[in-house]
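Okay, thanks for coming, everyone. Let me put the structure up and talk you through a few spots.

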Amino acid sequence: MKPKSKILIIAGSDSSGGAGIQADIKTITSLGSYALTAITAVTIQDTLGVRSVIPIKPNDIKDQIIYSSKDIKPDAIKIGMLHSKNVIKKVLESLKILRIKKIVLDPVMVAKGGAKLINKEAIKILKSSLIKKVDLITPNIPEAEFLTGIKIDNKEDMILAANQLIKDGAKNVLIKGGHLNTKKIEDIFLNKTDIKIFVSKKHNSNNTHGTGCTLSSAITTFFSCGKSIKKACELGIKYVNSAILTNPNYGKGHGPINHLNSIKIKSKFK
Ligand code: PXL
């Protein structure tokens, strides 16, 4: 089987393999596409938490992006952990040079164990510049609260925050409802003219490390292969839901999900 598309991942490395660029590569590969990478930081961590973060120099991040993409042109880009203002500036410069049409941004802020993966200055520029340059942003509830200043306690607040992000210049927003204390998980997709609430079963599991990275990579893969951004969100959510359900239960803390669960989705995806 040949890869269906080529995706550039700009994100951090997770040594435990469940989140970050490792989750991205596994997701993209298991859904049948090819992954190129630009690593923004190396984290040292296990399922119990992040021990340290080693940043990669902003210029070296830009060089990874440009050098590899000039040779193998990506169909789409997935952006994850961007820890500082200078990293975001270099990513913005790179996007301008590459002119790739399909871009998904997961505004990564905090790891499952609570470690901060971005600083305040960076959040400012992410909000003022980067969200306008991408097709979709996929914040979870704490990230959406941080980006909008809106306290989110229910579905109505999620819709309010998503509308605020559209006003701020985002093209499409998917706010993930997993942090709310509800019976089912409700994720809200919204743009200027459309709203869709995706409802999924909640699996009570401690093994949800890397769900955000996995979801945004799955969405990018479906989007890169010609699905609409809304359909790509629906398929990505299904992929993550089934990855949680079939998690391998590794490690003593927040364990990884199962990236090898793509079989059912694949037949739909043809
Ligand atoms: O899940 C967010 C995330 C993103 N990127 C890296 C991470 C994590 C969480 O641990 O380590 C590199």
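So, leaving aside neighbours within four places in sequence, glutamine 164 is in contact with Thr148 and Ile150, contact being heavy atoms within 4.5 Å. Quick caveats: this is a predicted model, where local features need pLDDT of at least 70, side-chain atom pairs count only at pLDDT 80 or more, and totals for chains, interfaces and linings use all residues. Residues are numbered from 1 along each chain as its sequence is written, and side-chain values use heavy atoms, with hydrogens and water left out.

Back to glutamine 164, which sits in helix α6, residues 155-167; helices here are DSSP runs of H or I, at least four residues, strands are E runs of at least two, and both are numbered from the N terminus. From serine 5, glutamine 164 is 159 residues away in sequence and 33 Å away in space, C-alpha to C-alpha.

Now the strands. β2 (34-46) runs antiparallel to β3, residues 49-55, with six bridges joining them; for strands to pair, DSSP has to find at least two bridges between them. The two make a hairpin with two residues between them, and alanine 41 stands opposite proline 55 in β3.

That's the tour, so over to you.
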